[in-house]
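Biologist: I have a multi-chain model open on my screen. Can you show me how to read it, one feature at a time?

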Amino acid sequence: MPEAILSLSGVVAGYGEVVVLRGVSLSAEEGKITVVLGSNGSGKTTLMRTVMGVLPPIEGEITFRGESVRGLKTHQIARKGIALVPEGRRLWGDMTVRENLEMGYLLRREGDSLEERLEEVLEIFPHLRRLLRKTARTLSGGEQQMVAIGRALMGDPDMVLLDEPSLGLAPMVVAEVFRVIERMREAGKTVLLVEQNAKKAIEISDYVWVLENGEIRFSGPPEEAEENEKVRRAYLGL
Amino acid sequence: MSFSLLANSIASGLLMGANYALFAVGLSLVFGVLKIINLAHGELLLAGAYVGYFAIRGMGVPLPLALLFSGLSVGIVGYLYYFVVRRIRDDELNTLILTYGVGVILTNLFLLLFTADERIINIPWLTEGVWLGPVQVNRGNLVSGLVSLLIIGGLTFFLARTETGKMIRASSMDREAAALVGVDVERIDRFAFVLGCALAGFAGPLFGIVSHINPVGGEAVTINAFILTVLAGLGSIPGLLLAGIILGLGEAIIVVFASTMFQGIFALALFVAVLFLRPEGIFGRRE
Amino acid sequence: MGRRRSEKKIAGVVTLLVLSSAFVFRRDPFVAHVLVQASLLALISLAWNILGGGCGQISFGHAAFFGTGAYVSAILTTQYHLNPWLGIAGACVSVVFLSLLVGVPSFRLKGAYFALLILAYAHVLKLVALNLEITKGDEGIFSIPSFGRYSFGGMEVNFFTSKGANLFLILLFLIAGLWTGIWMRGSQTGIAMEAVREDEVTAEAMGIDTLRYKLFALGVSAFFTALGGAFYVHYIHFLTPDSAYSGYWSLMPIVAALFGGIRTVTGPVVGAFTLVCLDEFLIKELLPRGDKLVYGLLFVVTILFFPRGILGTWVERQGHGRKKEG
Ligand SMILES: Nc1ncnc2c1ncn2[C@@H]1O[C@H](COP(=O)(O)OP(=O)(O)O)[C@@H](O)[C@H]1O
Ligand SMILES: [Mg+2]
């Protein structure tokens, strides 16, 4: 059985007194695309932020490559080789596209130079090449999402977490985002993808988890997910 | 009233504007990165002014060295101050109150140590007038104005071009996003806070050249610094320079036509106008 | 609800305590004077806290309200020869209006704009008082009348000579302020103000008109502060820009409120009496020059180590004790 690169067991987390995740156990296998489905407010974003140490878990354990990341600061977790493409993209609006991408390069651990990394990212998103000098806030939603993903890839992470990357984008752009995610897997990266666009996400996935009300309600390979009554009704609209 | 009088006031107003920007830059930096209004900012600046005063008057230290020395000593105070602030910074109201209390402590320390006397750093060669083409300005104003421009320019470059500068900007715009790309945001907080205090200290001796050092004058410095910060828009250093010039020029022109009372009213009116018209500042953007 | 009931009980005890001490010391001019000072600070601190502790809007410039209230009453009585009671009424009305000039521009925005705008107002108003004709500039206004002389049946009350009479008057104002505070806290308004204090964004999302409640709290706070300022001039009989807009009236109400406990209504009163007595009988003796430094340190230590203040901490302990028993 292949290694789980990231695993959560019994994670409880939330905001102050409000508990959002009520004992979530979940794992992601190395080099695979793992998808987490869940309706609005089910705790997907909270899950991502907890993994990244933005929110400290109240209970439970999170391990990356077998080592606990509990209690580590966000930047320390990121430096272990995990990059999050956050919900809403969260670019630095007053910075140029180039500066945004360069900031992603802070996560480099060894190897490629800044220019080499930039070249690789621009090869994935050729469209960004002529936008480099533009201020990030002037970009369209789709362009911003590409910068956000590009920024995450600049640090050459082993694992990429994406929080609803297709939200609010035009169908053509959504298709490109999903293509890029598949390319990440081809390049050997592990992907944890949170989506509401369930059909597309299941299509490219290797394993599916369903989060409802802060609890895992289903897990299984994509074929099983497509068969499952609840998943079909709630997420595939069938 | 003669034309040359007005021209001279405009010139000194412009120079004063650059000074105002420097007097505000520490507060603006700390506010931008940590979202804390350091109400002890003015008192820290005065601490720098006193250090400069005694270094120059008492020990004959040359001005550039005195500036560095003031910046350094207030920076060290800022470092200690940061650890006090950090304890409660999650509580916004308490933090605001705390910084006010630190200002009160400093003011009363000044009163205790240096009495209520007003002082001015007066270096003989700085008190002469110099001619810039048709206008005459005080050399002290000229020197401090130019040093202010230099520091503001240097800081702008630092924030725009260096890696640490970019981390500061990223952290002030979106702290979580910065942490996600590996920025140690707490280190950046500490750095920005200490730098902000050091800049106040550095500005102190220049304040002592263009203005009186009054132990209870810190609050007025803080108020002006805050007005400029709001006028400029969060974290905008060039905006700060423009805002400083608006204030400096406005005050200089008003003094020509009316009394000093209206000078004070002008700053307040500017403040109220900004709150009504453009709370996001000249360079800020409406979200 | 338990907390509100215990607040009423504490306010009742404090009311009785201050009234009975006034009875005991009404003929001792020195102690009566100290008690007047304490009551005045208690009133301003209480007023500050209706806005600060009650609604989360911190003012660093209550001297603006105090000093303006003092000037309005002084001018009305010396230059327009109104009697002091009308002077006080005029002071309260004009200061409530002034408070709108601070509140309306700053409360529309979230953040500490109010805290700094009022600080700026305090500075500018002092500057204005120094420069105007009507305030007599830095010379100040002298011979401001007292509240006069009255006789009820056989009893003679002379505000000009008797410290005790003035003490009862300021206590009356203080008690009015105290019970207004208690009443506000228990009302719908108080609950809405608390919501604004805890989280303005959430309060707004709940449909609370935050601007309205902030302005209301500010108006009440300004009213009682002006009342104190106007009382002060008719008690002291002269006024200068330095005394009217003294930093004391901005700083000490905050220190007293923090020290007593800003989450309670009565805390500022307890804090003010403790501080003024400490100051008169201890600190001034020990440290004739650095007494303000002590307040600065006290201020910072309080906010760092016991931000709930003495009364707040005590009330909390009581509450815990009862919970455990029950
Ligand atoms: N900053 C916050 N403070 C308090 N509650 C929050 C916060 N962010 C999210 N929540 C609550 O947590 C729950 C889960 O939110 P989230 O994780 O964003 O869900 P999802 O990403 O699945 O839509 C929601 O009920 C939401 O109201
Ligand atoms: Mg979400």
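Predicted model: local features only at pLDDT ≥ 70, side-chain atom pairs only at ≥ 80, totals over all residues.

Biologist: Start with the chains. Which pair of chains has the most contacts?

Modeller: Chains B and C, among the 2 pairs of chains that touch. Chains A and C do not touch. Their nearest C-alpha atoms are 13 Å apart.

Biologist: How many residues are in contact between chain B and chain A?

Modeller: On the chain B side there are 20 residues, in contact with 24 residues of chain A. There is also a second way to express an interface. The size of an interface is often given as the accessible area lost when the parts come together. Here chain B and chain A bury about 2,000 Å² between them. Carbon and sulfur atoms account for 58% of it.

Biologist: Which residues of chain B lose the most area to chain A?

Modeller: Glu176(B), Leu180(B) and Val181(B). Together they make up 33% of what the chain B side buries.

Biologist: Now the metal. What are the protein donors of the magnesium ion (ligand 2)?

Modeller: Thr45(A), through OG1, and Glu87(A), through OE. Next, ask where each donor sits in the chain. Thr45(A) is in helix α1 (residues 44-51) of chain A, and Glu87(A) is in the loop between β6 (82-85) and α3 (97-104), so the pair ties together parts 42 residues apart in sequence.

Biologist: What is the relative accessible area of Glu87(A)?

Modeller: The value is 34%, so Glu87(A) is partly exposed.

Biologist: And helix α1(A) itself? How many of its residues are buried?

Modeller: 7 of the 8, so α1(A) is largely enclosed by the rest of the structure. The buried ones are Lys44(A), Thr46(A), Leu47(A), Met48(A), Arg49(A), Thr50(A) and Val51(A). After α1(A) comes Gly53(A), with a positive phi near 75°.

Biologist: What about helix α3(A)? What covers its buried residues?

Modeller: α3(A) is mostly covered, with 7 of its 8 residues buried. Val97(A), Leu101(A) and Met103(A) are among them. The cover includes α4 (114-124) and α5 of chain A. It also includes α5 (139-161) and α6 (163-173) of chain B.

Biologist: How do I read two helices packed together?

Modeller: Take the angle, then the spacing, then the residues in contact. Helix α5 (residues 141-154) and helix α6 (residues 171-186) of chain A pack at about 10°. Their axes are 10 Å apart. An angle under 35 degrees counts as roughly parallel, and α5(A) and α6(A) are therefore roughly parallel to each other.

Biologist: Which residues make the contact?

Modeller: From α5(A), they are Gly142(A), Gln145(A), Met146(A), Ile149(A) and Leu153(A). From α6(A), they are Val173(A), Glu176(A), Val177(A), Val180(A) and Met184(A). By class, the contact has 7 nonpolar, 2 polar and 1 charged residues. The spacing along each helix has a background. An α-helix has 3.6 residues a turn, so residues three or four places apart point the same way.

Biologist: Take a single residue. Is Glu195(A) buried or exposed?

Modeller: Buried, at 2% relative accessibility. Glu195(A) is in strand β8 (residues 190-195) of chain A. Now list its partners farther off in sequence. Beyond four places away, Glu195(A) touches residues including Lys44(A), Glu164(A), Phe178(A) and Ala201(A).

Biologist: Where is Thr34(A)?

Modeller: In strand β3 (residues 33-37) of chain A. Thr34(A) is buried too, with a relative accessible area of 2%.

Note on methods. Residues numbered from 1 in each chain as written. Chains lettered and ligands numbered in written order. Heavy atoms only, no water. Donors = N, O, S within 2.8 Å, 3.2 Å for Na, K, Ca; no water. Helix = DSSP H or I, 4+ residues; strand = E, 2+ residues; numbered from the N terminus. Buried < 20%, exposed > 50% of the residue type's maximum accessible area, 1.4 Å probe, protein only. Axes fitted to C-alpha atoms, helices over the stretch in contact; angles between N-to-C directions. Parallel < 35°, antiparallel > 145°, perpendicular 65-115°, else oblique. Contact = heavy atoms within 4.5 Å. Nonpolar A, V, L, I, M, F, W, Y, C, P; charged D, E, K, R; others polar. Buried area = accessible area lost by both parts, 1.4 Å probe.
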